[in-house]
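Please work through the following exercises on the model shown below. Each task is followed by a stepwise solution.

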Amino acid sequence: MPELSNMAPAPGRTNHNGALRLAVVGHTNTGKTSLLRTLSRNPHFGEVKDSPGTTRHVEGLRLLVEGDTAVELFDTPGLEDGMALLDYLDVLAPPAERLDGPSRIQRFLDSPESLGRFEQEARVLRKLLECDAGIYVIDARDPVLAKHRDELTLLAACGHPLLPVLNFTHSPEQRIEEWRGALARLGLHAVVEFDTIAPPLDGEDQLYDKLALLLDTHASTLRALKQDIAQQRLQRHEDALALVAEMLIDIAALRLVSPPEPDRMEKAAEQLRGLARKREDHCIDALLKRYNFRSSDFPHRHLPLKGERWDMDLFHPQALKEVGIQVGKGMAAGAMAGATLDMFTAGISLGAATLIGAAAGGLWQGADKLGRRLLGRLRGYQELTVDDAVLRLLSIRELALIAALERRGHAAQGPIDISALMDGREEALRKEKLPEELLEARATPEWSTLADDYQPSLRRTEAVRRLAGKLARL
Ligand SMILES: Nc1nc2c(ncn2[C@@H]2O[C@H](COP(=O)(O)OP(=O)(O)OP(=O)(O)O)[C@@H](O)[C@H]2O)c(=O)[nH]1
Ligand SMILES: [Mg+2]
């Protein structure tokens with residue numbers, strides 16, 4: 001199924017195809033373009049800036065359901081001088097003439113001032129007249145002023161339903177109650193709270209439910225859109241967990257062999273850490289992409305950041321300590337941080353060892369895989385794998401990232417911060433045994449796509465699927 005949103009600009013008056021057409025209107029700098037970004041999950045739509053008059057022209061986008069346009073949303077320039085326009089309208093179409101709202105607006109649109117002083121306002125009203133309804137975006141931090149009431153009078157005159165959307169609802173300066181009261185006095189009782197930076201999880205449902213009440217002939221389209229959104233959300237979540245499970249299997253199965261000398265082992269541990277970091281990075285990028293965010297939205301992946309422990313490097317001693325690894329002071333312990341040394345030598349009798357040695361006869365290339373490993377061990381080679389605690393930390397981090405992405409609006413411009421979402425998970429995971437699938441991966445080096453001898457297998461695919469299921473339950 002295609003992704004919900006589509007960057008193609010919606011056409012002007014042509015090709016309605018039964019799609020619901022909504023004009024997003026409001027005072028300047030209230031977050032209209034931001035709302036469109038979030039609803040379309042497209043962080044590249046339009047231009048967003050903290051200054052008035054950013055959007056100068058009407059620009060549309062489509063929300064698709066199974067390839068068909070369900071809703072066309074139109075971004076419009078901000079209203080700046082509703083008061084003056086209302087005065088002008090009183091001169092142009094005096095109340096004594098008793099014209100209805102749309103006729104008064106049309107008279108204004110036919111007047112020369114609609115191309116002059118009130119050009120921006122004319123663009124907004126023309127679009128709203130063409131549409132089925134308007135979404136009126138409010139900066140909930142603003143006090144309710146006469147200019148807002150005048151704007152609403154003008155917009156209501158277009159004769160279409162208006163749904164007010166209160167934006168900036170997370171701000172401590174929000175005046176939600178004041179706004180709800182003022183809107184009710186103007187006859188606007190259906191109101192949605194929808195912060196475009198961090199929208200509520202059911203924000204879209206609320207928006208489309210309330211629109212369906214105002215526009216009952218489009219109720220079935222809105223229902224289909226809601227179902228599609230819910231299904232896409234579920235699919236994204238499942239895909240994300242599969243990406244994390246793939247990464248965990250790859251890193252758990254990663255196994256490096258090193259000669260026993262301390263400096264060589266230290267080098268191997270560093271290489272192991274580098275490979276694990278790179279694989280995590282790759283996973284993070286894939287997650288960001290799956291949720292339609294930019295790679296640059298999560299810049300502090302490995303850098304220590306102002307005491308935020310969770311922004312630390314995966315192998316930073318402090319980060320490891322938090323999940324149960326105590327990194328000692330000695331050179332070896334420090335150098336090996338995050339890597340488990342496989343000391344396995346037991347279980348092979350001297351006789352068997354001699355036999356293997358004799359059979360292989362130093363023909364390293366010809367020895368089969370197990371023979372090669374045993375031979376390596378007998379020669380004192382050590383195998384390095386990634387420590388349990390690192391796998392736990394990776395699970396926690398990626399699950400927190402998924403949670404953050406699912407809460408983030410596509411209008412958000414600040415960096416993603418997962419620190420708050422890590423709390424609690426850490427404790428829960430520390431108690432958990434490492435899942436069976438990761439233990440199996442650790443014993444199966446060819447499961448790692450990072451290994452030269454990686455081999456795709458059904459068992460691996462199954463392990464990824466089961467692990468993703470377990471992650472879903474965490
Ligand atoms: N904190 C916060 N900031 C927001 C929210 N919505 C928008 N912004 C910011 O508000 C500013 C204006 O947002 P825009 O989307 O450009 O507003 P607009 O209504 O399209 O502005 P014009 O096109 O100029 O009328 C930008 O800096 C946004 O990042 C929100 O819900 N919370
Ligand atoms: Mg704008």
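The model is predicted: local features need pLDDT of at least 70, side-chain atom pairs count only at pLDDT 80 or more, and totals for chains, interfaces and linings use all residues. Residues are numbered from 1 along each chain as its sequence is written, while chains are lettered from A and ligands numbered from 1 in the order in which they are written.

**Exercise 1.** Determine which residues have the most contacts inside the largest nonpolar core.

Solution. Step 1: a nonpolar core is a set of buried Ala, Val, Leu, Ile, Met, Phe, Trp, Tyr and Cys residues joined through C-beta atoms within 7 Å. Buried requires 20 or more other C-beta atoms within 10 Å of the residue's own, exposed 12 or fewer, and partly exposed lies in between, with C-beta atoms placed from the backbone. Step 2: the largest such core has 52 residues, and Leu-22, Val-24, Leu-73, Tyr-136 and Val-165 have the most contacts inside it. Step 3: strand β2 (residues 20-26) gives the most to this core, with 5 residues. Step 4: a separate second core of 46 residues includes Met-265 and Val-464.

**Exercise 2.** Characterise the shell around ligand 1.

Solution. Step 1: of the 22 surrounding residues (C-beta atom, placed from the backbone, within 6 Å), the closest are Gly-31, Ser-34, Asp-50, Thr-55 and Gly-78. Step 2: the shell divides into 5 nonpolar, 13 polar and 4 charged residues.

**Exercise 3.** Is Pro-415 buried or exposed?

Solution. Step 1: Pro-415 counts as exposed because it has 12 C-beta neighbours inside 10 Å. Step 2: its C-alpha atom is separated by 5.6 Å from that of Phe-298, 117 residues apart along the chain.

Note on methods:
Helices (H or I, at least four residues) and strands (E, at least two) are DSSP runs, numbered from the N terminus. Ala, Val, Leu, Ile, Met, Phe, Trp, Tyr, Cys and Pro count as nonpolar, Asp, Glu, Lys and Arg as charged, and the others, Gly among them, as polar.
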